[in-house]
Amino acid sequence: MTYTVQLVDLQEQPAAVVRGHVTHEGIADFLGPAFGEVIGAVEREGGHPVGAPFGRYRPTDDGGWDLTAGFPVSRPVTPAGRVEPETLPGGRAARTLHVGDYAGLAAAYEAAMAWLTDNGYVVTGEPWECYLDGPEVPEPRTEVFIPCTEARPHHA
């Protein structure tokens, strides 16, 4: 797949998330219930999601992942059970779209990282991915966001 990478300027966004530690094989089993818990907590407080569900993955030394899963929301959520408030960062990010099986998502991250390097940008924060379609879709769309800035800003 060929990836097109674009720079976008994002506004900081309140989010509600569930965090957990999972094996690679446990990702799918974690995401569905986590998203459901977030929606339930947000709706109980009179809020609502304002965007696609997202996940943020941090590899761990044991081969697993520290996983954060949630939604951008209309207003900050009060911690309840496993649900807690989070903020998706504002600022510049590289964005690309992966279409297809989730197992192929690493290629989208690799393409975005290569684009950043080739175009004089450096990573400034943890990346995340937004799921535009559910897993039941044959070719689901997933957006990848990587916070970044110019490696050597131009001075006027």
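**Aromatic pairs and pockets**

Phe145 counts as buried, at 6% relative accessibility (buried: under 20% relative accessible area, 1.4 Å probe, protein chains only; exposed: over 50%; partly exposed: in between). The model is a predicted one, where local features need pLDDT of at least 70 and side-chain atom pairs count only at pLDDT 80 or more, while totals for chains, interfaces and linings use all residues. Numbering runs from 1 along each chain as its sequence is written, and side-chain values use heavy atoms, with hydrogens and water left out.

A search of the whole structure turns up six aromatic pairs (ring centres of Phe, Tyr or the six-membered ring of Trp within 6.5 Å; planes under 30 degrees apart are stacked, over 60 edge-to-face, the rest tilted). One of them joins Tyr57 and Trp65 edge-to-face, at 6.0 Å centre to centre and 85° between the planes. Trp128 and Phe145 count as stacked because their ring centres sit 5.4 Å apart with the planes at 15°. Trp128 is buried too, at 3% relative accessibility. Ring pairs also tie Phe35, Phe71, Tyr102 and Tyr131 into a cluster.

As for open space, the largest pocket has a volume of about 740 Å³ (on a 1 Å grid over the protein atoms alone, a pocket is an open set with protein on both sides within 12 Å along at least five of seven lines; lining residues have an atom within 4 Å of a point). Volume here is the space filled by probe spheres set on the grid points, which are joined across faces, edges and corners. Its lining takes in 27 residues, and those nearest the centre include Tyr57 and Tyr102. The second largest pocket comes to about 230 Å³. Among the residues closest to the centre of that second pocket, out of 13 lining it, are Trp128 and Phe145.

Methods:
On a 1 Å grid over the protein atoms alone, a cavity is a set of points where a 1.4 Å probe fits but cannot get out, and a pocket is an open set with protein on both sides within 12 Å along at least five of seven lines; lining residues have an atom within 4 Å of a point.
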